[in-house]
Amino acid sequence: MKIALVHDWLTGMRGGEKCLEVMAEILPGADLHTLLHVPGTVSPVIEQRRIVTSFVQRLPGAARRYRWALPLFPRAIEAFDFSGYDLVLSSSHCVAKSARKAAGALSVCYCHTPMRYVWDRFDDYFGAKPAPLRALIAGQARRLRAWDKRTAPRVDRWLANSSLVRRRLLEWYGVPADRIRVVFPPVDVERFAGAGQLPPPPGLTSGGYDLVLSALVPYKRVDLAVGAALAAGRTLVVAGEGPERARLERLASSAPGRGKILFAGKVADADLPAYYGHCRSFVFPGLEDFGITPLEATAAGRPVVAFGAGGVLDTVRPGLNGIFCGEQTVDAFAAALADPALD
């Protein structure tokens with residue numbers, strides 16, 4: 001059997017790429033097709049693969065501005081030739097699921113989510129854009145949404161990464177229930193077991209801080225964690241980088257409260273277990289399709305404070321490994337952080 005792996009783009013090691021890495025380990029002889037590959041940005045397991053890229057790779061400045069080519073992505077994924085493959089296995093959060101298989105071949109999609117920015121999260125991604133640009137993007141989003149739904153039947157079997165994503169496949173694409181199975185993403189829990197036995201991160205004391213680990217982008221709602229920690233008088237360590245950092249730093253210096261916010265920047269992978277293992281709680285304020293970091297915190301033995309919706313409903317149990325906030329507000333998270341059960 002000849003197998004093709006298909007992934008949207010390779011520009012960094014996030015949750016989707018960690019799933020792809022496991023697929024590559026399971027299928028060592030499979031070729032990998034992707035719209036764009038920035039060499040050196042993913043793990044050696046992925047880098048050593050035969051990687052086939054699309055015309056997006058050759059666009060000027062594609063390595064940094066590839067997202068602006070989103071309207072071209074349908075044409076790019078459909079241009080790949082999979083005529084010689086018996087199985088097309090896609091790892092998709094954008095257009096990879098719409099790869100055209102050969103007649104008689106099987107298409108299986110591991111779906112991280114349908115495109116959030118053209119379905120339910122448009123305002124989170126584009127709400128701050130100037131009105132004329134936002135209107136132009138909205139037109140493209142409608143076109144992409146129609147194409148996305150129209151091409152969903154190309155997939156024979158779906159593997160959804162959470163119960164939430166399964167519901168989206170049922171409701172947005174109209175996929176029959178018997179063609180979907182929920183398969184949770186791989187999480188390296190052994191790496192974080194016993195993390196509390198490591199020395200605390202420099203400058204921090206064990207149990208003396210709450211932790212956020214996230215890309216600093218608007219939809220992650222790190223601003224709620226910052227406001228809540230200040231209001232509750234807690235020390236919050238914000239680990240991660242992104243375009244929201246400057247705004248979050250301004251919020252940390254101007255919002256009312258007696259708490260303290262420490263920005264740790266990008267934390268090296270080798271140092272993450274210690275950050276998890278010595279935090280008082282792990283704060284997860286966003287709405288995520290699955291959410292790997294709450295499971296990493298649980299593996300390290302630390303409770304999770306999360307907005308009670310989305311993928312965490314599969315992985316967090318109140319009273320066992322976390323606390324749910326019923327509302328996505330500063331007040332709700334401040335009340336949770338003040339809960340003595342976390343001490």
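Helices (H or I, at least four residues) and strands (E, at least two) are DSSP runs, numbered from the N terminus.

I note that the model is predicted: local features need pLDDT of at least 70 and side-chain atom pairs count only at pLDDT 80 or more, while totals for chains, interfaces and linings use all residues. Residues are numbered from 1 along each chain as its sequence is written, and side-chain values use heavy atoms, with hydrogens and water left out.

**Strand pairing.** I then checked the neighbours of β5, where two strands pair if DSSP finds at least two bridges between them. β4 and β5 are parallel and share six bridges; Ser91 has Tyr110 of β5 as its bridge partner. β5 is also joined to β6 (residues 157-160) in parallel, by four bridges, and Tyr110 stands opposite Leu159 in β6.

**Nonpolar cores.** I defined a core as a set of buried Ala, Val, Leu, Ile, Met, Phe, Trp, Tyr and Cys residues joined through side-chain atoms within 4.5 Å. The largest has 32 residues, and Phe73, Ile77, Phe82, Cys94, Val95, Met115 and Tyr117 have the most contacts inside it. β1 (3-7), α4 (73-78), α5 (122-126) and α6 (131-150) each supply at least two residues of this core; α6 gives the most, with five residues. Another core, of 26 residues, lies apart from it and includes Ala232, Ala255, Phe333 and Ala334.

**Helix α8.** I found 10 of the 11 residues of α8 (residues 222-232) buried, so this helix is largely enclosed by the rest of the structure. By contact (heavy atoms within 4.5 Å), what covers its buried residues includes β8 (210-213), β9 (235-239), α9 (245-254), β10 (260-265), β11 (282-284) and α12 (330-337). Gly233 follows α8 and has a positive phi, near 70°.

**Arg221.** I located Arg221 in the loop between β8 and α8. Arg221 is not a glycine, yet has a positive phi of about 55°. Most residues other than glycine have a negative phi. Arg221 is partly exposed, with a relative accessible area of 26%.

**Gly84.** I placed Gly84 in the loop between α4 and β4 (87-92). Gly84 is partly exposed, at 44% relative accessibility.

Notes. Buried < 20%, exposed > 50% of the residue type's maximum accessible area, 1.4 Å probe, protein only.
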